Amino acid sequence: MTDKKSIKICDFLRFMGGRRGGSKHTGRNCRDIIQETKLQYAMELLDNSELSIYHIAEECGYSSPSHFFRVFREKYGITPNEYRVNKV
């Protein structure tokens, strides 16, 4: 992908109001907000690209495909591949 999205943690925290970031404005912590953003981007790629799931995991900043699979399944109850095939 040439249009890679990235989030600079320090900028994000500053935007959200300090080191703890997020909870003051959203009721959620910084880690949860970043995780949700990464998963939304992954779903966009699953819907609109033919990238392999391994490449999507990498593109979204996951340290390993297995970690991406685990986080995705915990959040949505299905694997990334099941999501792509069924377009839930």
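This is a predicted model: local features need pLDDT of at least 70, side-chain atom pairs count only at pLDDT 80 or more; totals for chains, interfaces and linings use all residues.
Local features were taken up at pLDDT of at least 70 and side-chain atom pairs at pLDDT 80 or more, while totals for chains, interfaces and linings use all residues. Residues are numbered from 1 along each chain as its sequence is written, and side-chain values use heavy atoms, with hydrogens and water left out.

**Confidence**

- The chain has a mean pLDDT of 81, and 69% of its residues reach 70 or more, pLDDT being the predictor's confidence in each residue, from 0 to 100.

**Aromatic pairs**

- The model holds 6 aromatic pairs, where rings of Phe, Tyr and Trp (its six-membered ring) pair if their centres lie within 6.5 Å, and planes under 30 degrees apart count as stacked, over 60 as edge-to-face and the rest as tilted.
- One of these pairs, Tyr54 with Phe69, is tilted, with 6.2 Å centre to centre and 35° between the planes, and it links distant parts of the chain, since Tyr54 lies in helix α4 (residues 53-59) and Phe69 in helix α5, 15 residues apart.
- Tyr54 is exposed at 56% relative accessibility, whereas Phe69 is partly exposed at 28%; buried means under 20% relative accessible area, exposed over 50%, and partly exposed in between (1.4 Å probe, protein chains only).
- The rings of Tyr62 and Phe68 also form a tilted pair, because their planes stand at 45° with the centres 5.1 Å apart; Tyr62 is buried at 7%, and Phe68 is buried at 0%.
- Ring pairs join Tyr54, Tyr62, Phe68, Phe69, Phe72, Tyr76 and Tyr83 into a cluster.
- The charged end of Lys38 sits over the ring of Tyr62, 4.3 Å from its centre, which requires NZ of Lys or CZ of Arg within 6 Å of the ring centre and within 35 degrees of the ring normal.

**Helix α5**

- The 12 residues of α5 should span 16 Å, and its end C-alpha atoms are 16 Å apart, which agrees; the expected span is 1.5 Å times one less than the number of residues.
- The buried residues of α5 are Phe68, Val71 and Phe72, and they lie on the same side of α5 because they cover an arc of only 100° around the axis, taken from the directions from the helix axis to the C-beta atoms.
- These buried residues pack against α3 (30-48), α4 and α6 (80-86), with contact meaning heavy atoms within 4.5 Å.
- Gly77, which follows α5, has a positive phi, near 80°.

Methods. Helices (H or I, at least four residues) and strands (E, at least two) are DSSP runs, numbered from the N terminus.
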